[in-house]
Amino acid sequence: MSRETNLNGTKRKRSDVAEKVAQRWKSVRYSAEMENMAPVNSNNDSDDCIIVSESKIIDLTNQEQDLSERIGTNDTAKGAVFKLMKSDFYEREDFMGEVEDMITLKDIFGTETLKRSILFSFQYELDFLLRQFHQNVENITIVGQKGTIMPIEARAMDATLAVILKKVKLIEITMPPFASHHTKLIINFYDNGECKIFLPSNNFTSMETNLPQQVCWCSPLLKIGKEGLPVPFKRSLIEYLNSYHLKDIDELITKSVEEVNFAPLSELEFVYSTPSKFQSSGLLSFYNKLEKLSAGTSASDTAKHYLCQTSSIGTSLSRARDENLWTHLMIPLFTGIMSPPAKDTTGRKKAEILLTNSLINEYSQRKIKPYIIFPTEQEFVTSPLKWSSSGWFHFQYLQKKSYYEMLRNKFKVFYKQDPAMVTRRRGTTPAHSKFYMHCATNSTGPCDASQVFKELEWCLYTSANLSQTAWGTVSRKPRNYEAGVLYHSRRLANTRKVTCRTFTRDRRGCAGNPTHVAVPFTLPVIPYDLAEDECFCLARHEND
């Protein structure tokens with residue numbers, strides 16, 4: 001084991017995996033030669049690897065800035081939108097098509113009116129990140145996990161970076177093994193008294209921003225002021241911030257958020273996970289929100305479709321049995337197959353998970369269809385940069401093949417992008433986003449696959465992968481910090497359903513339309529070919 005100095009000057013041990021990843025990333029030069037790169041690995045349920053550097057560490061906390069913002073006025077806020085993160089590799093500088101559908105970190109951080117930016121993430125590559133900011137920015141607050149911040153090497157430091165670096169305030173979070181500060185959240189304050197929130201699917205590193213497909217949810221402009229009525233989104237966001245139990249977050253972040261008028265987000269919900277033992281979060285909180293909003297909406301003559309698109313699939317819920325979080329717990333809770341969790345005499349919440357064959361029968365009788373979108377090995381082979389984006393996708397099913405075979409062969413739950421519908425520039429490059437969605441179709445006639453997931457009952461866009469670490473269960477709390485935004489048809493003022501489109505189709509004429517959700521994978525998705533397709537598994541790929 002090697003040792004290194006962290007941001008506070010103390011020593012800590014580093015795992016062999018982190019050592020391997022650190023050496024790999026240190027050797028990377030971000031160029032078109034990425035196609036020849038090998039993927040990186042992680043040994044836990046997180047979709048990201050801890051990246052560290054052997055270089056001299058720069059202290060970010062030696063100069064603290066006043067975090068007050070100037071207040072002003074501006075026009076009425078526009079609606080929230082999803083944007084596709086522009087890639088240096090898939091969209092060249094001479095490509096100008098559908099620019100309104102795309103966003104860059106420069107767009108988020110590079111405006112001269114930005115005065116203060118607050119960032120939550122799992123990884124920070126400071127050399128890359130700080131170059132995205134305009135020199136006018138006054139304060140940058142970084143909330144990150146110890147050991148996941150790549151400092152600026154002395155040879156990369158220049159006058160511009162040195163100036164920006166002095167404006168950084170670092171708040172470090174200590175996490176236990178195999179747990180992550182996985183939230184991806186940006187809160188920007190501008191010099192005219194406005195605020196804007198972003199939820200990117202990428203962490204703040206160059207490779208992750210550019211290699212997998214990434215998206216970003218962008219809030220409308222929010223003004224400083226009080227709401228007329230309580231806004232659930234704001235209440236949940238403040239609960240999330242309070243769950244850190246840190247004075248710096250209370251003083252530097254929460255107080256500022258409390259001053260913002262969240263009325264433009266009154267139709268949306270903020271869904272989060274926190275390891276804090278004092279708050280309900282993760283799966284139980286999400287379930288309770290859906291129960292409250294979905295009362296009385298079920299119909300017996302509909303087929304119910306539940307889709308999860310994820311970049312990581314966790315291990316079985318049980319060591320003794322093969323149980324998947326999506327098929328065996330989440331969907332049964334959402335559909336009423338499983339009774340709402342109740343507390344026993346010890347105060348622990350209990351839930352009876354049905355056996356696989358019983359669940360399959362229930363799904364058939366209730367017309368429930370589960371989907372999990374996860375990349376196949378062939379999708380990496382046929383993507384423009386081949387294996388270079390594979391390091392962000394984790395499903396270590398070789399550790400328990402029966403678990404994988406249950407999902408693949410019994411539930412037939414795996415779906416992929418339609419290769420005939422992907423864009424020419426990005427091809428079958430998988431998306432690092434995480435979407436959970438539900439729609440219903442008429443079950444009395446044949447199902448038109450092209451219409452499935454066009455209109456949704458609800459959709460959650462989040463940082464939370466399909467793992468117990470991210471979500472917890474009904475008896476266990478989450479171990480990660482996660483954050484997302486929930487769209488629900490019962491919350492929409494003017495429409496019955498949440499509408500959904502895909503970035504992979506011809507986007508001309510779509511930018512700025514009233515679509516609520518835009519996803520970076522094809523719709524419809526197509527089922528795995530059980531004779532040929534296998535989920536990507538890094539261990540399997542390395543042994544080929």
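## Salt bridges at a glance

There are 17 salt bridges here, a salt bridge being a side-chain nitrogen of Lys or Arg within 4 Å of a carboxyl oxygen of Asp or Glu. Side chains of opposite charge can pair when their charged atoms come close.

Keep in mind that this is a predicted model, where local features need pLDDT of at least 70, side-chain atom pairs count only at pLDDT 80 or more, and totals for chains, interfaces and linings use all residues. Residues are numbered from 1 along each chain as its sequence is written, and side-chain values use heavy atoms, with hydrogens and water left out.

## Two pairs involving helix H7

Let's start with Asp 248 and Lys 169, whose side chains meet in a salt bridge at 3.6 Å, N to O. Asp 248 sits in helix H7 (residues 247-258) and Lys 169 in strand S9 (residues 168-173), so this pair ties together parts that are 79 residues apart in sequence. Helices (H or I, at least four residues) and strands (E, at least two) are DSSP runs, numbered from the N terminus. Lys 169 is buried, at 11% relative accessible area, while Asp 248 is partly exposed, at 34%. Buried means under 20% relative accessible area, exposed over 50%, and partly exposed in between (1.4 Å probe, protein chains only).

Lys 255 and Glu 251 also form a salt bridge, with their closest N and O atoms 2.9 Å apart. They are four residues apart in helix H7, so about one helical turn separates them.

## A buried link and a network

Lys 416 pairs with Asp 533, closest N and O atoms 2.8 Å apart. Both residues are buried.

Finally, Asp 127, Arg 131 and Asp 158 are linked in a network of salt bridges.
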